[in-house]
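Here's a quick tour of how this protein is put together on the inside. Have a look at the structure first, then read on.

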Amino acid sequence: MPTVAADPGPFTFDLDSTALIVIDMQRDFLLPGGFGESLGNDVAQLRRTIAPLAALLAAWRAAGLPVIHTREGHLPDLSDCPPAKLKRGSMIGQPGTFGKILIRGEYGHDIVDELQPLPGEPVVDKPGKGAFYATNLDELLRETKTLIVTGVTTEVCVHTTVREANDRGYECLVLSDCVGSYFPEFQSVGLRMIAAQGGIFGWVSESSALLKEITR
Ligand code: C5J
(Lines give C-alpha, C1' and ligand atoms only; values in the text may rest on other atoms or scores of the structure.)
Protein backbone atom coordinates (compact mmCIF):
# COMPACT_ATOMS: atom_id res chain seq x y z
CA MET A 1 0.00 0.00 0.00
CA PRO A 2 1.34 3.50 -0.80
CA THR A 3 2.63 5.72 1.99
CA VAL A 4 3.20 9.45 1.57
CA ALA A 5 5.09 11.81 3.84
CA ALA A 6 2.44 14.01 5.45
CA ASP A 7 1.61 16.16 8.44
CA PRO A 8 1.08 14.96 11.22
CA GLY A 9 2.79 11.74 10.07
CA PRO A 10 3.12 9.23 7.22
CA PHE A 11 -0.19 8.48 5.52
CA THR A 12 -0.79 4.94 4.24
CA PHE A 13 -3.79 4.13 2.09
CA ASP A 14 -5.18 1.66 -0.43
CA LEU A 15 -5.45 3.05 -3.97
CA ASP A 16 -8.31 0.61 -4.66
CA SER A 17 -10.53 2.49 -2.22
CA THR A 18 -9.31 6.03 -2.88
CA ALA A 19 -10.96 8.83 -4.87
CA LEU A 20 -9.70 12.27 -5.85
CA ILE A 21 -12.13 15.10 -5.18
CA VAL A 22 -11.69 18.42 -6.98
CA ILE A 23 -13.73 21.06 -5.18
CA ASP A 24 -15.28 24.09 -6.90
CA MET A 25 -12.51 24.96 -9.41
CA GLN A 26 -15.07 27.23 -11.06
CA ARG A 27 -14.58 30.24 -13.30
CA ASP A 28 -16.66 32.39 -10.92
CA PHE A 29 -13.99 31.87 -8.26
CA LEU A 30 -10.84 31.69 -10.38
CA LEU A 31 -11.08 33.85 -13.49
CA PRO A 32 -9.69 37.38 -13.53
CA GLY A 33 -12.64 39.77 -13.87
CA GLY A 34 -15.02 37.25 -12.31
CA PHE A 35 -17.14 37.10 -9.16
CA GLY A 36 -14.26 36.29 -6.78
CA GLU A 37 -12.16 39.18 -8.04
CA SER A 38 -15.17 41.55 -7.99
CA LEU A 39 -15.29 41.03 -4.21
CA GLY A 40 -11.76 42.42 -4.00
CA ASN A 41 -10.04 39.04 -3.83
CA ASP A 42 -6.66 38.21 -5.38
CA VAL A 43 -7.47 35.37 -7.77
CA ALA A 44 -3.76 34.62 -8.25
CA GLN A 45 -3.89 33.00 -4.80
CA LEU A 46 -6.32 30.44 -6.23
CA ARG A 47 -4.90 30.23 -9.75
CA ARG A 48 -1.57 28.87 -8.48
CA THR A 49 -3.40 25.58 -7.80
CA ILE A 50 -4.38 25.04 -11.46
CA ALA A 51 -1.03 23.78 -12.80
CA PRO A 52 -0.28 21.25 -10.01
CA LEU A 53 -3.87 20.08 -10.06
CA ALA A 54 -3.81 19.61 -13.86
CA ALA A 55 -0.62 17.54 -13.51
CA LEU A 56 -2.14 15.45 -10.72
CA LEU A 57 -5.37 14.93 -12.69
CA ALA A 58 -3.40 13.74 -15.73
CA ALA A 59 -1.47 11.18 -13.66
CA TRP A 60 -4.57 10.15 -11.72
CA ARG A 61 -6.55 9.55 -14.92
CA ALA A 62 -3.62 7.72 -16.53
CA ALA A 63 -3.59 5.38 -13.52
CA GLY A 64 -7.32 4.73 -14.04
CA LEU A 65 -8.27 6.08 -10.62
CA PRO A 66 -11.64 7.73 -9.83
CA VAL A 67 -12.14 11.47 -9.72
CA ILE A 68 -15.16 13.48 -8.63
CA HIS A 69 -15.61 17.19 -9.34
CA THR A 70 -17.88 19.57 -7.42
CA ARG A 71 -19.40 22.95 -8.21
CA GLU A 72 -21.02 25.36 -5.77
CA GLY A 73 -24.14 26.97 -7.18
CA HIS A 74 -27.88 27.23 -7.39
CA LEU A 75 -30.92 26.67 -9.55
CA PRO A 76 -31.89 29.71 -11.66
CA ASP A 77 -34.91 30.41 -9.42
CA LEU A 78 -32.67 30.23 -6.31
CA SER A 79 -35.17 27.86 -4.67
CA ASP A 80 -32.22 25.82 -3.31
CA CYS A 81 -30.47 28.85 -1.83
CA PRO A 82 -31.29 29.39 1.83
CA PRO A 83 -32.41 33.00 2.51
CA ALA A 84 -29.65 33.25 5.11
CA LYS A 85 -27.03 32.52 2.43
CA LEU A 86 -28.59 34.98 -0.02
CA LYS A 87 -28.71 37.69 2.65
CA ARG A 88 -24.92 37.59 2.92
CA GLY A 89 -24.36 36.75 -0.75
CA SER A 90 -26.68 39.15 -2.50
CA MET A 91 -24.62 38.89 -5.73
CA ILE A 92 -25.75 35.27 -6.16
CA GLY A 93 -28.04 35.14 -9.21
CA GLN A 94 -27.11 38.67 -10.34
CA PRO A 95 -25.56 39.27 -13.79
CA GLY A 96 -21.75 39.10 -13.70
CA THR A 97 -18.93 39.08 -16.26
CA PHE A 98 -19.43 35.36 -16.89
CA GLY A 99 -23.21 35.09 -16.61
CA LYS A 100 -25.47 34.98 -13.57
CA ILE A 101 -23.24 34.49 -10.55
CA LEU A 102 -23.11 30.94 -9.12
CA ILE A 103 -26.09 29.80 -11.19
CA ARG A 104 -26.05 26.33 -12.73
CA GLY A 105 -25.73 26.36 -16.50
CA GLU A 106 -23.94 29.72 -16.61
CA TYR A 107 -20.41 29.97 -18.03
CA GLY A 108 -18.97 31.28 -14.76
CA HIS A 109 -20.47 28.45 -12.73
CA ASP A 110 -18.60 25.83 -14.72
CA ILE A 111 -15.11 24.48 -14.12
CA VAL A 112 -12.05 26.25 -15.57
CA ASP A 113 -10.91 25.03 -18.99
CA GLU A 114 -7.67 23.50 -17.68
CA LEU A 115 -9.53 21.15 -15.30
CA GLN A 116 -12.67 20.32 -17.27
CA PRO A 117 -14.16 16.95 -16.26
CA LEU A 118 -13.88 14.15 -18.80
CA PRO A 119 -17.04 12.37 -19.98
CA GLY A 120 -18.09 9.88 -17.31
CA GLU A 121 -16.44 11.70 -14.39
CA PRO A 122 -19.11 12.62 -11.83
CA VAL A 123 -19.77 16.32 -11.26
CA VAL A 124 -21.58 16.99 -7.99
CA ASP A 125 -23.59 20.23 -7.92
CA LYS A 126 -23.89 21.47 -4.38
CA PRO A 127 -25.87 24.35 -2.91
CA GLY A 128 -23.74 24.55 0.22
CA LYS A 129 -20.12 24.82 1.18
CA GLY A 130 -19.76 21.15 2.10
CA ALA A 131 -19.89 18.63 -0.75
CA PHE A 132 -21.98 16.14 1.27
CA TYR A 133 -24.82 18.52 2.16
CA ALA A 134 -27.88 18.03 -0.14
CA THR A 135 -25.92 15.94 -2.69
CA ASN A 136 -25.47 12.27 -3.59
CA LEU A 137 -21.72 12.34 -2.86
CA ASP A 138 -21.88 9.76 -0.05
CA GLU A 139 -23.62 7.31 -2.42
CA LEU A 140 -21.06 7.94 -5.16
CA LEU A 141 -18.31 7.09 -2.67
CA ARG A 142 -19.71 3.73 -1.55
CA GLU A 143 -16.43 1.82 -2.23
CA THR A 144 -14.23 4.68 -1.03
CA LYS A 145 -12.35 4.92 2.26
CA THR A 146 -9.80 7.61 1.40
CA LEU A 147 -10.31 11.00 -0.21
CA ILE A 148 -7.53 12.99 -1.83
CA VAL A 149 -8.85 16.51 -1.38
CA THR A 150 -8.08 19.43 -3.72
CA GLY A 151 -9.77 22.64 -4.84
CA VAL A 152 -10.92 25.96 -3.46
CA THR A 153 -11.24 27.62 -1.10
CA THR A 154 -9.16 26.06 1.64
CA GLU A 155 -10.95 27.51 4.63
CA VAL A 156 -14.47 27.41 3.18
CA CYS A 157 -15.57 24.58 0.85
CA VAL A 158 -12.44 22.45 1.28
CA HIS A 159 -12.58 22.67 5.08
CA THR A 160 -16.33 22.09 5.28
CA THR A 161 -16.05 19.06 3.01
CA VAL A 162 -13.11 17.58 4.92
CA ARG A 163 -14.97 17.99 8.20
CA GLU A 164 -18.11 16.37 6.75
CA ALA A 165 -16.02 13.52 5.28
CA ASN A 166 -14.13 12.97 8.53
CA ASP A 167 -17.40 12.68 10.47
CA ARG A 168 -18.61 10.12 7.92
CA GLY A 169 -15.52 7.94 8.42
CA TYR A 170 -13.45 8.86 5.37
CA GLU A 171 -9.74 9.51 5.75
CA CYS A 172 -8.73 12.73 3.99
CA LEU A 173 -5.36 13.66 2.53
CA VAL A 174 -5.34 17.36 1.63
CA LEU A 175 -2.73 18.51 -0.90
CA SER A 176 -1.42 21.93 0.09
CA ASP A 177 -0.33 22.98 -3.43
CA CYS A 178 -3.68 21.88 -4.90
CA VAL A 179 -5.89 23.81 -2.47
CA GLY A 180 -6.07 27.59 -2.36
CA SER A 181 -7.43 30.50 -0.38
CA TYR A 182 -7.71 34.16 -1.38
CA PHE A 183 -6.11 34.87 2.02
CA PRO A 184 -2.57 33.56 2.64
CA GLU A 185 -3.10 33.49 6.40
CA PHE A 186 -6.25 31.37 6.04
CA GLN A 187 -4.38 29.00 3.72
CA SER A 188 -1.67 28.48 6.28
CA VAL A 189 -3.90 28.24 9.36
CA GLY A 190 -6.54 26.21 7.50
CA LEU A 191 -3.99 23.55 6.63
CA ARG A 192 -2.52 23.56 10.14
CA MET A 193 -6.02 23.05 11.60
CA ILE A 194 -6.55 19.89 9.53
CA ALA A 195 -3.36 18.19 10.74
CA ALA A 196 -3.41 19.56 14.31
CA GLN A 197 -3.85 17.31 17.36
CA GLY A 198 -2.64 14.18 15.60
CA GLY A 199 -4.65 14.82 12.42
CA ILE A 200 -7.97 15.89 13.90
CA PHE A 201 -9.54 16.22 10.43
CA GLY A 202 -6.94 14.43 8.28
CA TRP A 203 -3.46 14.66 6.79
CA VAL A 204 -1.70 17.36 4.74
CA SER A 205 0.90 16.67 2.07
CA GLU A 206 1.96 17.91 -1.37
CA SER A 207 1.03 16.58 -4.81
CA SER A 208 4.68 15.69 -5.56
CA ALA A 209 4.64 13.12 -2.72
CA LEU A 210 1.43 11.55 -4.02
CA LEU A 211 2.56 11.63 -7.67
CA LYS A 212 5.60 9.51 -6.76
CA GLU A 213 3.25 6.80 -5.51
CA ILE A 214 0.86 6.75 -8.46
CA THR A 215 3.45 6.96 -11.23
CA ARG A 216 5.69 4.13 -9.98
C1 C5J B 1 -16.66 30.09 -1.21
C2 C5J B 1 -15.89 27.92 -1.89
N3 C5J B 1 -15.45 30.48 -0.79
N4 C5J B 1 -15.96 27.08 -2.91
N5 C5J B 1 -16.83 28.92 -1.85
O6 C5J B 1 -17.61 30.80 -1.03
O7 C5J B 1 -15.03 27.84 -1.05
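## The nonpolar core

The largest nonpolar core has 41 residues, and Leu20, Met25, Leu56, Trp60 and Leu210 touch the most other members. Such a core is a set of buried Ala, Val, Leu, Ile, Met, Phe, Trp, Tyr and Cys residues joined through side-chain atoms within 4.5 Å, where buried means under 20% relative accessible area with a 1.4 Å probe, protein chains only.

Helices (H or I, at least four residues) and strands (E, at least two) are DSSP runs, numbered from the N terminus. With six residues, α4 gives the most to this core. This is a predicted model: local features need pLDDT of at least 70, side-chain atom pairs count only at pLDDT 80 or more, and totals for chains, interfaces and linings use all residues. Residues are numbered from 1 along each chain as its sequence is written, and side-chain values use heavy atoms, leaving out hydrogens and water.

Now for the helix pair. α4 and α9 pack at about 15°, with axes 10 Å apart; axes are lines fitted to C-alpha atoms over the stretch in contact, and angles run from 0 to 180 degrees between N-to-C directions. The two helices are therefore roughly parallel to each other (under 35 degrees). In α4, Pro52, Ala55, Leu56, Ala59 and Trp60 meet Ser207, Leu210, Leu211 and Ile214 of α9, with contact meaning heavy atoms within 4.5 Å.

Note on methods
Buried means under 20% relative accessible area, exposed over 50%, partly exposed in between (1.4 Å probe, protein chains only). Angles under 35 degrees count as roughly parallel, over 145 as roughly antiparallel, 65 to 115 as roughly perpendicular and the rest as oblique.
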